[in-house]
Amino acid sequence: VAAGRSAVASADARIAFVRFMPRVGHPRVYTVDPDGSNVRRLRLPVAAAEAPAWSPDGRWLAFIGGRNRPNEQHVQVEDELYVARADGSRAKRLTADRAHESGPAWSPDGKRFVFVRSSGSGNRSSLWLIGANGRGLRRLTSGAIDIQPSWSRRREIAFVRIEPRSFQSAIWVVRPNRTGIRRLRTRLRNVTRPVWSPTGSRLLLTNGRRLMIVSGDGSKARIIANLAADARGSRVDPEPAWSPDGRRIVFKEPRRGTTGRADL
């Protein structure tokens, strides 16, 4: 009876995800083992939380915390970047501003994050970097709608760039020192959610109807799953993630025959 969102697998294969239940009224972060056992809510010091991201060693979890408006499933008020122990303890806020933060992703060495920041006014968002200690904040991209970053072991950050005027989207790549920015040459259209494999050699993508894997340069696309629709024929963002060994993928899709519900 819950919607699982933002599923990510830790180094020891635990899965963190977001669950929203109407009777509770807030999105909250949970963890679960890959076999579906040991479902546990993390006790975080915020009313609402989403976008969990495991550190490379699985000892820490980044997330977006704040408040949500009534009946809204997303954090929309005072949404800031936090980091906490894997069990939810020792939570620390890393940002404090009037901008909107989302989509944190760890660097391979676990020392920094890339995340999305938008002002809330105007049709723009950009990628920013910050240290895991809250220091060293700096801007990485500008000029478009940049979202959904994923940091590879090969020191490249893949992300979705949407042109504000045409609303055409594509997958782009940039290095953390702001060099090497380029559009990924792929024949696939309307793809989003780029997620690097653990080795950094492949990318997981979705076009809303299918999950696909491509090589690091965008070639050799392979469909791995067709995504289900709900009772009204609508589909949701599957928000996929790799298992630590790169052999499995966790994602969400609507529960068949229902509306407003989803499973991992």
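Predicted model: local features only at pLDDT ≥ 70, side-chain atom pairs only at ≥ 80, totals over all residues.
Now step back to the whole chain. The protein chain has 24 strands and 0 helices. Its radius of gyration is 17 Å, close to the 18 Å that the globule rule gives for 264 residues, so the chain is as compact as a globular protein of that length. Along the principal axes, the C-alpha atoms fill a box of roughly 45 × 45 × 40 Å. Of the 264 residues, 48% count as buried. The accessible surface of the chain comes to about 13,400 Å². Carbon and sulfur atoms hold 44% of that surface.

Take the contacts in the chain with a separation of 6 or more: residues 24 or more positions apart account for 36% of them.

Next, go inside. The largest nonpolar core has 14 residues. Those with the most contacts inside this core are Ala-62, Leu-81, Leu-94, Trp-106, Phe-113 and Ile-130. Five strands each supply at least two of the core residues: β5 (48-54), β6 (60-67), β7 (77-85), β10 (112-118) and β11 (126-131). The most comes from β5, with 3 residues.

Start with Trp-106. Leaving aside residues up to four places away in sequence, Trp-106 touches a list of residues that includes Trp-54, Trp-60 and Trp-151. Ala-62 and Phe-113 are also among the residues that Trp-106 touches.

Then turn to Ile-130, which lies in strand β11. Is Ile-130 buried or exposed? Ile-130 has a relative accessible area of 2%. Buried means under 20%, so Ile-130 is buried. Which residues does Ile-130 touch, not counting those up to four places away in sequence? Among them are Leu-81, Leu-94, Phe-113 and Phe-115, along with Arg-112 and Arg-135. Leu-94 shows how the chain brings separate stretches together: Ile-130 and Leu-94 are 36 residues apart along the chain, yet their C-alpha atoms are separated by 8.3 Å.

How values were computed: Residues numbered from 1 in each chain as written. Heavy atoms only, no water. Core = buried A, V, L, I, M, F, W, Y, C linked by side-chain atoms within 4.5 Å. Buried < 20%, exposed > 50% of the residue type's maximum accessible area, 1.4 Å probe, protein only. Helix = DSSP H or I, 4+ residues; strand = E, 2+ residues; numbered from the N terminus. Contact = heavy atoms within 4.5 Å. Rg over C-alpha atoms; globule rule 2.2 N^0.38 Å. Areas by Shrake-Rupley, 256 points an atom, 1.4 Å probe, with all protein chains shown as cover.
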